[in-house]
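Try each task yourself before reading the solution below it.

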Amino acid sequence: MSQEPVAVIGMAGSFPGAATVDELWANIADGVESITRFTSEELEAAGVPAAVYTDPAYVPVNGVLAGADEFDAELFGYPPREAALTDPQQRVLLQCAWAALENAGHLGERDVAVFAGVGLNTYLTRHVLTRLDVTEALGILPVMLGNEKDHAATRVAHKLGLTGPAVTVQTSCSTSLVAIHLAVQSVLRGEAGLALAGAAAVTVPQVSGYTAGPGDVASPDGQCRAFDSRARGMVPGNGAAMVVLKRLDRALADGDEVHAVIRGSAINNDGGRKAGYTAPSVRGQAEVIAAALAAADLPASAVSYVEAHGTATEVGDVIEVAALTEAFRMAGGHPGRCGIGSLKPNIGHLDAAAGVAGLIKAVLALRNEVLPPSINFDEPNPDIDFAAGPFHVQAKAEPWPRGETPRRCGVSSFGLGGTNAHVVLEEAPPRASRPDQAAVELVAVSAATAEAADQARARLAAHCRERAPRLADVAGTLREGRSELAYRSAAVVGRLDALADELPRAARRASKPRTVAFLFPGQGGQRAGLLAGAYDRFPALRAAVDECSALLSPRLGVDLATVAADPAADVAVDDVRLAQPLMFTVEYALARLLESWGVRPTVLIGHSLGEYVAAAVGGGYDLADAARLVAERGTLLDSAPPGRMLAVEAAPDDLRRRLPAGLSLAAVNAWNSVVVGGAADAVERFGAELQAEGTRATLLRISRASHCSLLAGIRGELHAAATGLTARPTKVAIASNLTGELFRRGHRFTADYWADHLVETVRFDTALRSVLAMPEPVLVEVGPGSALIGLAHREPEARPRLAVTMLPTAGDEAGVLTAAAELWMDGALPSLRRVEPGREFARTALPTYPFARVRHWLEPGTALAPTAPPDSEPASVVAAAAEPAAADPAAAATAAVADTVARMWRALLGEVEVDLTANFFALGGDSLLMVRLIAQIRRDFGVELSLREALVQPTVEALARRIVTRREAGA
């Protein structure tokens with residue numbers, strides 16, 4: 001029965017001489033051997049005894065994995081002590097898993113399975129267990145959790161929040177290819193939507209060689225020559241790699257970048273059909289290869305290259321080619337030629353990670369359309385019967401272009417002990433055509449530190465310059481396929497080449513704001529097409545516009561949605577009957593868009609008409625009632641005597657004293673900004689008079705004068721209209737235009753309020769100050785222009801944390817996206833995934849996270865580096881401890897206990913900053929370490945504390961007080 005195809009959609013790895021998969025391919029294509037040969041001085045410095053490295057049989061080579069002692073502990077939430085305690089293989093594997101999911105564009109997804117393994121843990125035996133100071137302080141459980149192989153897959157699942165099966169695989173050298181087979185089966189069974197599979201292998205010390213004896217599997221001269229006449233064995237190597245797998249049909253439907261396709265895979269065991277436990281078996285290997293071809297429903301002739309196990313051992317290579325020949329015979333034969341090669345001569349034998357490394361090489365060969373060279377090959381091993389089959393060693397790189405039929409290759413990995421694995425790969429199908437790009441895109445990067453964010457920004461800009469991916473794909477991959485971390489940089493751009501200049505160089509640290517204020521402007525900014533672009537791009541906004549339009553258009557006689565979305569709409573937008581409902585619709589829709597993003601207001605404030613929007617958004621009326629009231633207001637204003645309004649830059653009291661009879665102070669916007677309203681000719685004369693004196697006065701685009709005596713005649717009619725509505729308790733605080741005070745949640749508007757609101761002065765300045773007095777306000781102007789933000793900046797004491805406008809210019813979808821970018825960088829917008837949900841894009845491979853290169857390492861048999869200089873004690877956590885000692889013996893006793901507790905914390909957590917109020921768990925502690933801490937307190941102070949007591953207030957100060965109180969009670 002044939003197997004459904006599975007796509008390889010992500011890859012990541014670190015190898016000898018190659019920090020990334022792309023670097024690995026460059027080395028493979030160039031025939032680079034990345035094995036390090038050490039000098040006597042290097043071996044001496046690494047602690048290798050002279051008696052060992054001077055032995056003639058000692059071979060001073062190794063495939064070194066750079067940075068194996070480094071780890072980004074902060075990113076993954078590890079305290080320094082736990083990071084140093086943890087097997088470096090599992091640390092490397094964790095970073096590799098993160099990078100693989102990023103490469104796939106799926107970091108942050110939860111429905112992911114993990115199948116992974118690690119090699120022999122020499123760090124435990126040579127480092128951790130030699131450190132009695134550490135193991136006795138922490139206890140056996142943390143040591144076991146950090147080093148036991150069982151936790152390799154579950155650690156990845158836990159740290160990345162993955163909810164699919166998490167299974168650690170251990171089949172020796174075939175571990176990672178077996179893991180890939182199991183991952184394939186898992187996604188095909190539907191156990192998870194995605195699967196991570198791979199392994200890590202790091203043997204310490206890396207600066208060391210090995211002793212090669214006669215007939216040994218290790219090369220006596222330090223070179224691996226797979227299938228060559230001079231082949232005498234393999235060379236060890238260190239590395240890690242992971243791939244991300246997904247059903248092909250779903251990958252294509254979801255726009256994933258498919259690097260290659262797994263057509264079939266199989267695993268088996270030799271059983272007893274061989275000379276000994278460690279010996280290979282022709283029958284076992286042949287059967288697993290044939291089974292994989294059967295699973296792929298392909299004849300052997302469909303395969304044109306095999307990435308072999310290729311260890312270069314005297315027996316292993318001979319048996320492997322014999323098994324391939326038999327397998328291909330079983331699968332229908334191969335009339336042509338088929339190349340074979342091995343990655344091990346390039347980077348060494350990566351033990352548990354060897355299989356996934358070979359698979360990645362094969363995937364890259366398909367993707368780059370090159371048959372890769374197998375290095376260190378001159379002439380075939382005479383003991384290998386190449387003539388019996390189609391195989392030849394692929395000693396040189398050759399073009400491998402696409403043709404009429406898909407290109408395919410096999411990958412083998414055979415474990416010591418007999419567990420065999422084989423995978424059949426096929427080239428990726430051509431990518432489908434992609435949707436047209438929008439004019440602008442929001443591009444965002446984030447990281448756990450400012451330094452990492454800057455590196456991520458630079459890497460992204462360089463990648464886009466070199467590879468020129470589609471801008472929409474870059475934006476979508478970053479939005480949907482990356483974690484959103486604390487330090488953020490975002491920009492709205494229209495061209496890839498603008499990324500380097502537009503992305504802010506200084507990332508901002510996001511944190512959830514305590515106050516978010518929506519500011520709704522009044523009439524004056526109305527235009528046809530205010531929401532052009534945004535209406536089509538944002539479904540939540542479009543739905544809100546359409547809802548308002550359905551309520552208001554029949555009364556207006558025009559399609560309000562068309563007016564809002566089409567700049568060419570031929571309507572009189574300055575007609576107050578249309579202008580008021582239009583502005584209400586635009587602002588209401590923008591507010592609902594913000595809420596769909598997860599931006600929830602703490603307080604609302606509107607200017608004149610804007611307060612009606614605030615009442616609707618805040619829940620004071622349902623939308624139908626609010627829309628009806630706004631439409632009635634527009635109709636009543638149209639029936640009122642014509643008037644004008646004049647914006648004046650002057651102090652309210654100064655202007656009030658000289659206001660001509662018949663004119664009203666319509667609004668006080670700021671300490672130096674007021675609006676005058678009244679009859680048109682009187683307003684125009686007063687404006688000309690002010691301008692002649694040098695006072696700035698501007699006539700507004702409004703044909704009726706609100707908030708003045710001219711409207712006294714319609715006050716009663718608006719009161720009657722409001723009386724028929726159902727007022728509801730507000731769900732959000734609203735700053736009142738009429739009184740300037742802050743209406744708390746639960747306030748109900750009345751008809752009297754709206755009647756007075758129509759004719760009385762707008763006290764926007766006072767209302768705005770009540771908002772600005774709230775803690776760290778983030779101000780969002782939810783409407784066209786930035787007039788209200790400008791007024792906020794005029795307030796002398798105003799210190800808004802952030803001020804954002806949604807529509808700086810009419811029809812500006814870039815403005816809406818820029819507001820999203822600003823709010824996300826600040827932390828008010830919780831996730832960019834909510835900004836454009838369902839937006840089509842194709843995932844594309846982008847640079848992965850720049851992990852911090854911080855050394856976390858236990859040196860064997862020596863004390864850990866202290867948190868203070870060796871010749872001094874760590875600083876006391878109690879400032880000026882000597883002073884309270886003289887004045888208050890009780891305080892001195894507590895201070896002494898606090899210092900001891902702080903030292904206990906450092907012993908458990910490592911080099912962390914500890915003060916009186918530091919939280920044990922915020923510094924990386926967990927319940928197991930807290931249990932250990934309680935045991936040390938019992939031992940050193942003779943005091944019993946329960947775990948519950950310690951968890952209530954897990955600070956140095958609180959624990960010290962409990963200890964002192966408990967000791968005094970015991971005495």
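**Exercise 1.** Decide whether Trp400 is buried or exposed, then find out which kind of ring pair joins Trp400 to Tyr305.

*Solution.* 
- Step 1. Keep in mind that this is a predicted model. Trp400 has a relative accessibility of 7%; buried means under 20%, so Trp400 counts as buried.
- Step 2. Now take the geometry of the two rings. Their centres lie 6.4 Å apart and their planes stand at 65°. Planes over 60 degrees apart count as edge-to-face, so that is the class of the Tyr305–Trp400 pair.
- Step 3. Look at where the partners come from. Tyr305 belongs to strand S11 (residues 305–307), while Trp400 is in the loop between strand S15 (398–399) and strand S16 (408–414).

**Exercise 2.** Classify the ring pair of Phe584 and Tyr588, and explain how the two residues are placed along their helix.

*Solution.* 
- Step 1. The ring centres of Phe584 and Tyr588 are 6.0 Å apart, with 10° between the planes. Planes under 30 degrees apart count as stacked, and this pair is stacked.
- Step 2. Both residues lie in helix H23 (residues 576–596). They are 4 residues apart, so about one helical turn separates them.
- Step 3. Finish with accessibility. Phe584, at 0%, counts as buried, and Tyr588 is buried with a relative accessible area of 5%.

**Exercise 3.** Which residues are linked into a cluster by ring pairs, and which ring lies under the charged end of Lys159?

*Solution.* 
- Step 1. Follow the ring pairs and you collect Phe71, Phe76, Tyr78, Trp98, Tyr849 and Phe851 in a cluster.
- Step 2. The charged end of Lys159 sits over the ring of Tyr78, 4.2 Å from the centre of that ring.
- Step 3. For a contrast, go from Trp98 to Glu797: their C-alpha atoms are separated by 46 Å, and they are 699 residues apart along the chain. Glu797 is in the loop between helix H31 (787–794) and strand S30 (802–807). Its relative accessibility of 72% is the reason why Glu797 counts as exposed.

**Exercise 4.** Work out the strand order of the open sheet that contains S19, and say which helices lie on that sheet.

*Solution.* 
- Step 1. The sheet has 3 strands in the order S18-S19-S20, with antiparallel pairing.
- Step 2. Strand S18 (441–447) and strand S20 (508–509) stand at the edges. Each has a single partner strand, so one side of each lacks a neighbour in the sheet.
- Step 3. Count the bridges between S18 and strand S19 (residues 487–493): there are 7. Val443 stands opposite Ala491 in S19.
- Step 4. Helix H18 (residues 471–481) lies across S18 and S19, at about 40° to S18. Helix H32 (residues 813–826) packs on the sheet too and touches S18, S19 and S20; its direction makes about 175° with that of S19.

**Exercise 5.** Find out how many residues of strand S25 are buried, and trace the strands that pair with S25.

*Solution.* 
- Step 1. In strand S25 (residues 673–678), 6 of its 6 residues are buried.
- Step 2. In a regular strand the side chains alternate between the two faces of the sheet. Sort S25 by face: Ser673, Val675 and Gly677 are buried on one side, and Val674, Val676 and Gly678 on the other.
- Step 3. Strand S23 (residues 644–648) runs antiparallel to S25 and is joined to it by 5 bridges; Arg644 has Gly678 as its bridge partner.
- Step 4. Strand S24 (residues 664–670) also pairs with S25 in the antiparallel sense, over 5 bridges. Ala670 stands opposite Ser673, and S24 and S25 form a hairpin with 2 residues between them.

Technical notes. Residues are numbered from 1 along each chain as its sequence is written. This is a predicted model: local features need pLDDT of at least 70, side-chain atom pairs count only at pLDDT 80 or more; totals for chains, interfaces and linings use all residues. Side-chain values use heavy atoms; hydrogens and water are left out. Two strands pair if DSSP finds at least two bridges between them. Contact means heavy atoms within 4.5 Å. Axes are lines fitted to C-alpha atoms, for helices over the stretch in contact, and angles run from 0 to 180 degrees between N-to-C directions. Rings of Phe, Tyr and Trp (its six-membered ring) pair if their centres lie within 6.5 Å; planes under 30 degrees apart count as stacked, over 60 as edge-to-face and the rest as tilted. Buried means under 20% relative accessible area, exposed over 50%, partly exposed in between (1.4 Å probe, protein chains only). A charge sits over a ring if NZ of Lys or CZ of Arg is within 6 Å of the ring centre and within 35 degrees of the ring normal.
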